[in-house]
Structures are given as C-alpha cells and as structure tokens.
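Please keep the sequence and the coordinates at hand while reading.

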Amino acid sequence: MRRTRSGIAYATGGTDGPLLLLLHGLGATGAVWTPLLSQFHEAWPGRWAAPDLRGHGLSQFTPPYGYAVHAADMAELATELGAPSVTVLGHSFGGVVGAVLGGGRYGVAVDRVVALGVKIDWTDDEVTRAQAMARRPPQVFASAGEAADRHLKLAGLRDLVDSAEPVARAGVRIGEGGWIAALDPRAFSAVGPPVETVLSRCAAPLRLAAGASDPMVGLDAMRRVDPDAVLIEGAGHNAHYETPEAVWPLLQ
C-alpha cells in the first residue's frame, strides 16, 4: 500500500496513461475491488488505483468527512500519480464522491463516472440514524475475527465474504483496548445532502447502474438522474463484488 501526502492509503498498478479510480462504499475498503481487478486489471489501458477513503481502512481517521473532502483527497491522489485523465468507478458512497470529483472543481480531468448502487432517496429517519451512528464510539472487540465480522456488516458484505478472507481482514485495525472495524464512525456524518442534487451537478458523463436485486435503489430513481441507467442481473447492492464481469463493460 502507498500513501498520499495527506495520508490516503491506496493500492495501484498498471502503466502510465488514464487512471481508473475505484472508490468503495461507506464502511468498505479498497480491497473490495479484488474480484474485479483479478479479472480485468490487464484490460485497462493505463494505471488503476483503489484507495481506502478517508476514515476507512489504512487511511487517516481525520474529519471532516463530507463529499467535497473525499473528492479533494482523490484529486490529490490522481495528481500525485500524474494521471492525464481519470475514469471513476464508484460504489454507493464512492459513486457520489466520484460524481463530486466529476464536477470540474478539483483541477482533474474526469472522462466519465460510473456509479453503482447509489442510494438516491433518503428518508428523514434514515438521515437521522446515520447522524446518530456518527456520534457513537467504535466498538472494540477481543479478536480480529469479531472485528472483521463487524466490518463486513458495516460494508454490507456479510452474506458475500467470510470473516477469515483477506477482504474482511483489510477492514480491521487495532484500537485502544482491542480490535475495531477499520471505519471511523464519524464518516457517517457525510450523510445528509440530497444525493440526487449532488449527482446532477456532475459535469462529466455519468452512468448509473445497480444490481437488479439491490434493495437500496431502483431503476426509476436512477433514471431521474441518468435516463440511460441500467440494472445488472444476478446482483444485489454489491454488484462490483458479485458480478464483476457484468460491471466491467460499463466502463467501455
């Protein structure tokens, strides 16, 4: 893992050329892109980078955690890698961050943004509960396995990944008095701004997609923003992990 000057950890590979920036969802880490990268990393005509967003994984746990701060972190990463242009593939929260980066205010040329499983419609109660989670201290566990299980629950991966797998262990850190999921609870404070408005301000070409069984977003909601939004058959909320072979063509 490498780090940017501001403390964002990331894995990278490939050669010089356009940067494929892979942005995970809230509670996950860059390791969630492993199935997609294992199949398609050689197909990308440039460099790829899979960071742990601020407050996640091995990156710094320093607020604020708003979308704009995450987008600035990603612009710094692209700049440090010398990327002439960027294509974003973002999942859920990462898709929103990608759309903000694509707004044209960060000095980075964004060719396009593909956002998977972005929850567009939030009730007042859902926003309130997310803000309440931001005020809770992290849970401390006696073992790394327990912390890994908590990480998988927060990332929505518990039904897909075993707690002993590397993807799960990437979401664990040693905390004060034991093991914790590698997520600063304050990261939930980013929830609040209307997602549809944020997405609509993306100046770069934006494609929305979601698993056909994703309980968090439907086709009608996505098509309010992207009339050509698509559903991915055989996938739920984590389409990039469940069916990477169906997600990759969205970048073409």
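The model is predicted.

**Aromatic contacts**

A pair of aromatic rings is described by the distance of the centres and the angle of the planes. The structure holds three aromatic pairs. One of them joins Trp-44 and Trp-248 in an edge-to-face arrangement, with 6.4 Å from centre to centre and 85° between the planes. This pair links distant parts of the chain, 204 residues apart: Trp-44 belongs to the loop between helix 1 (34-40) and strand 4 (47-51), whereas Trp-248 belongs to the segment after helix 10 (244-247). Both Trp-44 and Trp-248 are buried. Together with Phe-40, Trp-44 and Trp-248 make up one aromatic cluster.

Another pair consists of Tyr-67 and Phe-93. Tyr-67 lies in helix 2 (residues 67-80) and Phe-93 in helix 3 (residues 93-101), so the pair ties together parts that are 26 residues apart in sequence. Tyr-67 is buried, as is Phe-93.

Two charged residues lie over the faces of aromatic rings, as the table shows.

| Charged residue | Ring | Distance from the ring centre |
|---|---|---|
| Lys-119 | Trp-122 | 5.2 Å |
| Arg-173 | Phe-61 | 3.9 Å |

**The largest pocket**

About 870 Å³ of space lies in the largest pocket. It is lined by 33 residues, of which Leu-26, Trp-122, Leu-154, Phe-188 and Met-216 are the closest to its centre. What is the make-up of the lining in terms of nonpolar, polar and charged residues? The lining contains 18 nonpolar, eight polar and seven charged residues. Helix 3, helix 4 (124-133) and helix 5 (144-155) each contribute at least two residues to the lining. Helix 4 provides the largest share, with five residues.

**Strand pairing**

Strand 1 (residues 2-3) pairs with strand 2 (residues 9-14) in the antiparallel sense, over two bridges. Within this pairing, Arg-3 stands opposite Ala-9 of strand 2. The two strands form a hairpin with five residues between them, and Gly-7 in the turn has a positive phi of about 95°.

Strand 2 also pairs with strand 4, again in the antiparallel sense, over five bridges. Here Thr-12 stands opposite Ala-49 of strand 4.

Notes. Residues numbered from 1 in each chain as written. Predicted model: local features only at pLDDT ≥ 70, side-chain atom pairs only at ≥ 80, totals over all residues. Heavy atoms only, no water. Phe/Tyr/Trp six-rings, centres within 6.5 Å; stacked < 30°, edge-to-face > 60°. Helix = DSSP H or I, 4+ residues; strand = E, 2+ residues; numbered from the N terminus. Buried < 20%, exposed > 50% of the residue type's maximum accessible area, 1.4 Å probe, protein only. Lys NZ or Arg CZ within 6 Å of the ring centre and 35° of its normal. 1 Å grid on protein atoms, 1.4 Å probe; cavity = no way out; pocket = protein on both sides within 12 Å on 5 of 7 lines; lining within 4 Å. Points joined across faces, edges and corners; volume = space filled by probe spheres on them. Nonpolar A, V, L, I, M, F, W, Y, C, P; charged D, E, K, R; others polar. Pairing = 2+ DSSP bridges.
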